[in-house]
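Thanks for coming, everyone. Please take a look at the structure on the screen, and then we will walk through it together.

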Amino acid sequence: MSFTYAPLIPAKTEFDADGRLYSPVYGDVYHSPSGALGQAEHVFLRGNGLPERWRGRGAFTVCETGFGLGLNFLALWKAWRDDPQRSGALHVVSLEGHPFEREDLAGLLARYAPEPLTELGRQLAAQWPVLLPGLHRLEFEGGAVTLTLGFGDAQVLASRLSVAVDAFFLDGFAPERNPEMWALPLMRNLAKLAAPGATLATWACTGELRQTLRTAGFDARRAPGYGGKWHMTVGAATAPGRAAPGIPGGDVRHAVVVGAG
């Protein structure tokens, strides 16, 4: 089987007229003007029933489309760290087609990460990998929090994942600006990863998007939005996917590979 190497095109650090971090590729900003932390907490955490849903669990897995600066990940990590009833382990898989270089990420997090996330942001930047296509595993909290970064085309990466996902954070740029990130084939591949009871949340809210999610295998509906936006979208998988089952209870397992080549 032939393999074509597709080099990554890093994100550029540019700002719009209001000083917001802006993507010239997609013509959209990276986060709500009302605050990235508030958006992450309202849309992605509460939209997925967190932190309540991970309580009493041995492990909890989140899949995110669109890592950006990692503010959703940092907000999730902080919520997990602050919850005395948190799951034994937290695993986040995040797909990003245009990651920032390490120096740019560190500078942007120093500028945009609010005080509660500052130290976690420094830890993230310190482990940020070289920008090579594929999967990169980062570990925090002594291995209790893991971040698997998928650099490259989300559709290609999602089709190769084998993970049982408890919550989906759909956070690509707006559907009209980045339609491939919201296309039916990708949503179907994500649905195949759904663990029993899996949920989803996204700030995006159009009738076309909800229909795409329903066709893919999610029961999508409108919910109150954030920061002046009237609505967002939440939902749940209508059936478990075909991914490998999650780790039962607190039985977290480890493997060592010697001579991986």
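**Starting with helix H3**

What covers the buried residues of H3 includes strand S1 (14–15), strand S2 (21–23), H2 and helix H4 (118–127). Contact here means heavy atoms within 4.5 Å. Helices (H or I, at least four residues) and strands (E, at least two) are DSSP runs, numbered from the N terminus.

A word on the source. This is a predicted model, where local features need pLDDT of at least 70, side-chain atom pairs count only at pLDDT 80 or more, and totals for chains, interfaces and linings use all residues. Residues are numbered from 1 along each chain as its sequence is written, and side-chain values use heavy atoms, with hydrogens and water left out.

Back to H3. Which residues of helix H3 are buried? In H3, residues 102–112, they are Leu 105, Leu 108, Leu 109 and Tyr 112. Seen down the axis of H3, these fall within an arc of 100 degrees, so they line one face of the helix. That arc is taken from the directions from the helix axis to the C-beta atoms. Buried means under 20% relative accessible area, exposed means over 50%, and partly exposed lies in between (1.4 Å probe, protein chains only). On the face of H3 turned away from its buried side sit the exposed residues Glu 103, Ala 110 and Arg 111.

**H3 against H4**

Two packed helices are described by the angle between their axes and the distance between the axes. For H3 and H4, the angle is about 175 degrees, and the axes are 9 Å apart. Axes are lines fitted to C-alpha atoms, for helices over the stretch in contact, and angles run from 0 to 180 degrees between N-to-C directions. H3 and H4 are therefore roughly antiparallel to each other. The cut-offs: under 35 degrees is roughly parallel, over 145 roughly antiparallel, 65 to 115 roughly perpendicular, and the rest oblique. Who meets whom? From H3, Arg 102, Leu 105, Ala 106 and Leu 109 meet Gly 121, Leu 124, Ala 125, Ala 126 and Gln 127 in H4.

**The core**

Leu 124 comes up again. The largest nonpolar core has 79 residues, and Phe 73, Leu 124 and Phe 168 touch the most other members. H2 gives the most to this core, with eight residues. A nonpolar core is a set of buried Ala, Val, Leu, Ile, Met, Phe, Trp, Tyr and Cys residues joined through side-chain atoms within 4.5 Å. Not counting residues up to four places away in sequence, Leu 124 touches Phe 67, Leu 69, Phe 73, Leu 74, Leu 105, Leu 109, Leu 138, Phe 140 and Leu 147.

H1 is mostly covered, with nine of its 10 residues buried. Among them are Leu 37, His 42, Val 43 and Phe 44. The cover over the buried residues of H1 includes H2, S8, S9, S10 and S11.

Now helix H7, residues 207–216. Its buried residues are Leu 209, Arg 210, Thr 212, Leu 213 and Ala 216. They cover an arc of only 160 degrees around the axis, which puts them on the same side of H7. They pack against strand S8 (165–170), helix H6 (184–191), strand S9 (194–202), strand S10 (218–224) and strand S11 (231–237). After H7 comes Gly 217, with a positive phi near 125 degrees.

**Single residues**

Is Ser 94 buried or exposed? Ser 94 is buried, at 0% relative accessible area. Its place is in strand S5. Beyond neighbours within four places in sequence, Ser 94 contacts residues including Glu 64, Phe 67, Leu 147 and Thr 148.

Pro 84 lies in the loop between helix H2 (71–82) and strand S5 (89–96). Pro 84 is exposed, with a relative accessible area of 74%.

Pro 51 is in the loop between helix H1 (36–45) and strand S4 (59–65). A cis peptide bond joins Leu 50 to Pro 51, with omega about 15 degrees.

Glu 141 sits in the loop between strand S6 (134–140) and strand S7 (145–151). Its phi is near 55 degrees, a positive value in a residue other than glycine. Glu 141 counts as partly exposed, at 32% relative accessibility.

**The whole chain**

To finish, the totals. The protein chain has seven helices and 11 strands. Of its 261 residues, 51% count as buried. Among contacts with a separation of 6 or more, residues 24 or more positions apart account for 71%.
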